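Please look over the sequence and the three-dimensional view below before reading on. The report is meant to be read beside them.

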Amino acid sequence: MAIVKAVNLTKVYNPDTVPVHALRDASLEIEKGEFTSIVGPSGSGKTTMLNMLGGLDKPTSGHVEINGTNITKMKDSKMIDFRLKNIGFVFQHYNLIPVFTARENVSFIMLLQKQDKKAMQKRADELLDKVGLADRKDARPGQMSGGQQQRVAVARALASEPKFILADEPTANLDSSAAMNLLDIMQKMNDVQNVTFVFSTHDQRVIDRARRVITMVDGAIYSDEYQKAKEYDDV
Ligand SMILES: Nc1ncnc2c1ncn2[C@@H]1O[C@H](COP(=O)(O)OP(=O)(O)OP(=O)(O)O)[C@@H](O)[C@H]1O
């Protein structure tokens, strides 16, 4: 069964004033263990699609299923809890909490899930080790580079052991070496632990690493192709 299934999604913003058709009858399925890029020109609907897949917004028509559960009909209060347990998010602007250390940022989701404090600390430390930040656990976002902040964001996204990770333009603000390093880490997590990643991106470096490339044009799925992905450097 697909982890994520988007069925005939249409999204119209501002339907009563100046309607914008951001998605037009777009359907896709994501299986466990995929490393997939959603690409397409600016305004083609990539972010709108990720927002629908992550339950951050609702379609005008159509629906989204996650592991067989229709999330489109879910009440907002239930959706928050469902998101916490099932979906990890990585954003272009990292979205870390500035007054928290790296460890606290990673622990925060587990705190919301009322996990045991010791287990929470242990998991946060393991995740930060995995993203190469063993020596930056007590640093706050303002004391870290963009690449380091985005690696904290990846560790945070994994903290609740989600079914899949959605990453909206994760390398957009990173220089070349930080972007490659982030991709190496995510690709290795995909390869070794079978973590499922879905990206939206303009970045050819990210597209080259994907095994599947879904292209959107004007709110619709234009093509959906598998390719041989560029290998990652061991990290
Ligand atoms: N909240 C909103 N209100 C109105 N229109 C919106 C809103 N969000 C997006 N749109 C419009 O919907 C269309 C799709 O936008 P979306 O952000 O999904 O595209 P994108 O492919 O992610 O673009 P980019 O690559 O520039 O980030 C665009 O025409 C955009 O202007």
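What follows describes the overall fold, then a sheet, a helix, a loop residue and the surroundings of the ligand.

This is a predicted model, in which local features need pLDDT of at least 70 and side-chain atom pairs count only at pLDDT 80 or more, while totals for chains, interfaces and linings use all residues. Residues are numbered from 1 along each chain as its sequence is written.

The secondary structure of the chain comes to seven helices and ten strands, where helices (H or I, at least four residues) and strands (E, at least two) are DSSP runs numbered from the N terminus. The chain has a radius of gyration of 17 Å, close to the 18 Å given by the globule rule for 235 residues, so it is as compact as a globular protein of that length; the radius is taken over C-alpha atoms, and the rule is 2.2 Å times the number of residues to the power 0.38. Of the 235 residues, 42% count as buried, a term for residues with 20 or more other C-beta atoms within 10 Å of their own, whereas those with 12 or fewer are exposed and those in between partly exposed, with C-beta atoms placed from the backbone.

An open sheet of six strands runs in the order 6-7-8-3-9-10, with mixed pairing, and its edge strands, strand 6 (87-90) and strand 10 (220-226), each pair on one side only. Two strands are said to pair if DSSP finds at least two bridges between them. Strands of a sheet pair through backbone hydrogen bonds, either parallel or antiparallel.

| Strand | Partner | Sense | Bridges |
|---|---|---|---|
| Strand 7 (residues 164-168) | Strand 8 (residues 197-200) | parallel | four |
| Strand 3 (residues 35-39) | Strand 8 | parallel | four |

Within these pairings, Ala167 stands opposite Phe199 in strand 8, and Ile38 has Ser200 of strand 8 as its bridge partner. Both faces of strand 8 are covered, with Phe197 and Phe199 buried on one side and Val198 and Ser200 buried on the other.

In helix 3 (residues 102-112), the buried residues include Ala102, Val106, Ile109 and Met110. The buried residues of helix 3 pack against helix 2 (76-86), helix 4 and helix 5, a contact being two residues whose C-beta atoms, placed from the backbone, lie within 7 Å. Just after helix 3, Lys114 takes a positive phi of about 55°.

Is Gln143 buried or exposed? Gln143, which lies in the loop between helix 4 (117-130) and helix 5 (146-158), is exposed, because 12 other C-beta atoms lie within 10 Å. Gln143 and Pro98 are 45 residues apart in sequence and 9.7 Å apart in space, C-alpha to C-alpha.

The residues surrounding the ligand include Tyr13, Asn14, Gly43, Lys46 and Thr47, a residue being counted if its C-beta atom, placed from the backbone, lies within 6 Å of the molecule. Strand 2 (20-30) and helix 1 (46-53) are the elements that give two or more residues to this shell, and helix 1 supplies the largest share, three residues.
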